[in-house]
Structures are given as C-alpha cells and as structure tokens.
Amino acid sequence: MAVNCWSVSMASRTQTENFQNGFDVDVASLHKLSLAFYNGLYTYGGWFYLNFVSEEVINPNRNIPLAVILSMVTVTVFYVLINAAYYTVITPAELLLSDAVAVTFANRTLHWIAFLVPVLVALSCLGTLNGTLFGSPRMFFVGSREGHWPVLFSMIHIRRRTPLPAILLLYPFILVTVITGEIYQLINLTSAAQWFFISLVTLGLLLHRYRFPLHPRPFKVPIVITVIFPAVCLFIVGVSLYSDPWNTGKSLALTLTGVPVYYVTIYCSCLPNKWRRALSEFSAN
C-alpha cells in the first residue's frame, strides 16, 4: 500500500501532459455555454438552501455568513484538488468517455479501495438529497404562512416540529421531474427557473434598499455585487433559452402556470364557497 501511494504521489509530480493546452477548443460554441454554467453552478449550489432554514439557525446573523463562506471555500478547494488529480491520470478524451470518472480514477490509482468509491458517491448523493428535502419544503411552508399558498402547507408536525404537509407535497414534484428526462436535461430544466428567480430576488433587494434605506440589514453586500450578480444570472437564463429552448421553455412555462393559480385562488379568492369550506375543514383536521 505504501508503494502504491508513493507511486501515485510521484506520478502526480511528473505526469503533467494532460494539462497541456487543457483549455484549447476547436470551436467556442455558445450552444453549450449555458449547460456548462448550469452544471458548474449546480455543483456549488448548496449554499442557498441555508437561506430556507434561517429561522431555525441559532444566531443567524453570525452563523449563516460563516457557514456559507467556510463551506464554499472548503468545497472549492477540494473540487479543484480532485479535478487536478483526475486530469493527472486520465486524459481529457478518456474523461469524456468515462461513465464514472471517480471509479475510473480509483481503478487506476487506489486498487484496494476502488470498490468503496461508488458507495462514497452514493452517500454524497444521499447527503445532498437530505439537505434538499430539509430546506426546500420550508419555502412552501413560508409561502403558505404569507398567504401565497393554501394554509394547509403552513402546518407543522405536533411532535417533530417539521412542515410535514410541505414535505409530502415535494415528493410528487420530484417524481414528475425525474421521469421527464436524463440528468443534463433535468439540470437545464430546473436551473433555468431557479436562477431566474434568484436574479429576481436579488433585484428585489436592490429595490428594497432604494425604497427603505433606513431599515436594519444584518447581512450587507457591496452594491456592485448585487448589480453584477442578477445581470449574470439573467444572461445565463437568456443563453439557455437560445441554446436549449425546449427545456428552458418548459421550465419557464411551468413556472408561469403559478400566476393564474395564485390570481384565482389567493389574490381574488375566486374559488367556490364549497371548495373553500372543504379546504378549510381539511386544513383544520
């Protein structure tokens, strides 16, 4: 084992040919730019789920910025190191042909523990899924509490204090999303609406700062960042609409279906009295 680790270490110091002209491409295509952005941003995208649970964080004014900064720095360092390790022993062509890059890397360098890599990848996916299921239902919960969603989804479990109706609502959405296509289509489908709304939220912060300049702000960001960030987000969404109009269009169309539903059921409250009474009784039960 010691000899194997020593040989890998020596290889990482001497085998640099895979890094030569690593960023050279025959044609710079705008068609794949948005998907490249979405894949990269999806990899580093766990930070915004922390905002969904800010009410449940102890001392959020201190701990939320600290958690975001430390996690982003840690993830960035490890991702850069692991990608450097991949390219040390795998050529770019082999990397593109590999079904599982981590498994290919482990088979070439860590023979005795290569069988553990799929298990570790599965545990990583499980951790990501756990964080998503923990954070995302809080968005439905708060929307219901603010009157943008039926009151049923603002309820919490009696003993566990979790928004159980909002959590159960998430599962059908996940199943519908999973059966719509393969992983890259799903990333493009979900990321378009996600980054569009993130840009709107950031623009809303600019408007809020302008309209209420004296309000207390526990989290302060330089104004330059709050201008550049939504502009970049809208640019990526616009490019994705050009390069992949089908999936991006489906994402935006699905998002816009919420407008008439909100207008009829919440804003104007045009539901028949029988429906409203039934929903109230169901919520009360």
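**Salt bridges, rings and surface**

Mentor: The structure holds 3 salt bridges, a salt bridge being a side-chain nitrogen of Lys or Arg within 4 Å of a carboxyl oxygen of Asp or Glu. This is a predicted model, in which local features need pLDDT of at least 70 and side-chain atom pairs count only at pLDDT 80 or more, while totals for chains, interfaces and linings use all residues. Residues are numbered from 1 along each chain as its sequence is written, and side-chain values use heavy atoms, with hydrogens and water left out.

Trainee: How many residues apart in sequence are the parts that Arg-138 and Glu-56 tie together?

Mentor: Arg-138 forms a salt bridge with Glu-56, and their closest N and O atoms are 2.8 Å apart. Since Arg-138 belongs to helix α7 and Glu-56 to the loop between α3 and α4, the pair ties together parts whose separation in sequence is 82 residues. Helices here are DSSP runs (H or I, at least four residues; strands are E, at least two), numbered from the N terminus.

Trainee: Is Arg-138 buried or exposed?

Mentor: The words rest on relative accessible area: buried means under 20%, exposed over 50%, and partly exposed in between, with a 1.4 Å probe and protein chains only. Glu-56, at 46%, is partly exposed. Arg-138 has a relative accessible area of 4%, so Arg-138 is buried.

Trainee: Over the ring of which residue does the charged end of Arg-138 sit?

Mentor: A charge sits over a ring if NZ of Lys or CZ of Arg is within 6 Å of the ring centre and within 35 degrees of the ring normal. For Arg-138 the distance to the ring centre is 4.3 Å, and the ring is that of Phe-134.

Trainee: With which residue does Arg-145 form a salt bridge?

Mentor: The closest N and O atoms of this salt bridge are 2.6 Å apart, and the partner of Arg-145 is Glu-55. Arg-145 lies in helix α7 while its partner lies in the loop between α3 (49–52) and α4 (60–89), so parts 90 residues apart in sequence are tied together.

Mentor: Rings of Phe, Tyr and Trp (its six-membered ring) pair if their centres lie within 6.5 Å, and planes under 30 degrees apart count as stacked, over 60 as edge-to-face and the rest as tilted. The structure holds 3 aromatic pairs. In one of them, the ring centres of Trp-195 and Phe-229 are 6.3 Å apart and the planes stand at 65 degrees, so the pair is edge-to-face.

Trainee: In which helix does Phe-229 lie?

Mentor: The pair links distant parts of the chain, 34 residues apart, with Trp-195 in helix α9 (residues 183–211). Trp-195 counts as buried at 4% relative accessibility, whereas Phe-229, at 28%, counts as partly exposed. The place of Phe-229 is helix α10 (residues 223–243).

Trainee: About what area does the nonpolar surface patch with Phe-115 have?

Mentor: Patches are made of residues with over 30% relative accessible area and no salt bridge, like charges being joined within 9 Å and nonpolar side chains (Val, Leu, Ile, Met, Phe, Trp, Tyr) within 5 Å. Phe-115, in the loop between α6 (101–109) and α7 (116–145), counts as exposed at 58% relative accessibility. Together with residues including Leu-116, Val-119 and Leu-129, Phe-115 makes a patch of about 690 Å².

Conventions: Accessible areas come from the Shrake-Rupley method with a 1.4 Å probe; for residues, only the protein chains shown count as cover.
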